[in-house]
Amino acid sequence: MVSNPEFGLHFSGRGPHLATFLAAYLTIAGCATHHSPQPPPVAYPAVPETELQELRSLPQRPYGRLEIITVVSEVGEQLASAINNARQSAAQKGANALVVLRETEFLQKAGKRKMTVRRITYLAIHRR
C-alpha cells in the first residue's frame with residue numbers, strides 16, 4: 001500500500017499505473033477547464049428609430065451582431081404593433097439595420113376562428 005498522508009492519497013495493490021493515470025487525468029482536466037476571458041460585448045449608442053433600415057440580406061461591409069428578434073403575430077394591427085416594438089428595441093440597443101432572416105405566414109386556429117399569423121425573424125445589426 002502506497003500512502004501519502006499529506007494529500008490524503010492511499011493506493012493499494014494498483015501499482016504505479018493508477019497513480020500515472022490520475023496524474024495524467026488531472027493534468028488534462030486542468031487544461032480543459034482553463035478558459036480565456038471573453039471580450040466584453042460592444043455597446044453601441046441608441047439610434048433614432050427612423051434611421052433603422054430593413055435589409056433582405058446581410059451587408060457586404062463590416063457589421064456587429066446585436067441580437068435576433070422574432071415577431072409572431074396575427075396579420076393586421078397586432079403585427080404592425082409587434083414590428084414597431086421590435087424596431088424600438090433594436091434601435092435602443094444601437095442597431096441601425098434589421099436583416100430579415102426568415103419570414104413565414106400560416107393559418108392558426110383559435111377556438112372556431114382561423115387567423116393568418118406571420119412570423120418574422122430579424123437579425124439586429126450595427127453597420128460600420
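Strand β3 and strand β5 (residues 97-110) pair in the parallel sense, with three bridges between them. Strands here are DSSP runs of E with at least two residues, helices are runs of H or I with at least four, and both are numbered from the N terminus. Two strands pair if DSSP finds at least two bridges between them. Within this pairing, Leu-55 sits opposite Val-99 of β5.

The model is a predicted one, where local features need pLDDT of at least 70 and side-chain atom pairs count only at pLDDT 80 or more, while totals for chains, interfaces and linings use all residues. Residues are numbered from 1 along each chain as its sequence is written, and side-chain values use heavy atoms, with hydrogens and water left out.

Stepping back to the whole protein, there are two helices and six strands. Read from the N terminus, the elements come in the order β-β-α-β-β-α-β-β. Four of the strands make up an open sheet, ordered β3-β5-β6-β4, with mixed pairing. The edges belong to β3 (53-55) and β4 (63-74); each has a single partner strand, so one side of each is left without a neighbour in the sheet. From one strand to the next, the twist averages 35°. Helix α2 lies across β4, β5 and β6, and runs at about 160° to β4. For such angles, axes are lines fitted to C-alpha atoms (for helices, over the stretch in contact), and the values run from 0 to 180 degrees between N-to-C directions.

How much of the protein is tucked away? Of its 128 residues, 26% count as buried. Buried means under 20% relative accessible area, exposed means over 50%, and partly exposed is in between (1.4 Å probe, protein chains only). The protein exposes about 9,500 Å², and 56% of that comes from carbon and sulfur atoms; these areas come from the Shrake-Rupley method with a 1.4 Å probe, and for residues only the protein chains shown count as cover. As for contacts (heavy atoms within 4.5 Å), among those between residues at least 6 apart in sequence, 69% join residues at least 24 apart.

His-126 belongs to strand β6 (residues 113-127). Its relative accessibility is 15%, so His-126 counts as buried. Not counting residues up to four places away in sequence, His-126 touches Tyr-44, Tyr-63, Gly-64, Leu-66, Gly-94 and Asn-96. The side chain of His-126 also reaches the backbone oxygen of Gly-94, at 2.8 Å.

Over in helix α2 (residues 77-92) there is Arg-87. Is Arg-87 buried or exposed? With a relative accessible area of 18%, Arg-87 is buried. Setting aside neighbours within four places in sequence, Arg-87 is in contact with Glu-49, Leu-52 and Leu-98. Arg-87 and Leu-98 are 11 residues apart along the chain, and their C-alpha atoms are separated by 7.9 Å.

Glu-103, in strand β5, has 37% relative accessibility and therefore counts as partly exposed. Leaving out neighbours within four places in sequence, Glu-103 is in contact with Arg-56, Arg-118, Arg-119 and Ile-120. With Arg-56, the side chains make a polar contact at 3.1 Å. A polar contact is a pair of N or O atoms within 3.5 Å; within protein, one must be able to donate a hydrogen and the other to accept it, and residues adjacent in sequence count only if both atoms are side-chain atoms.
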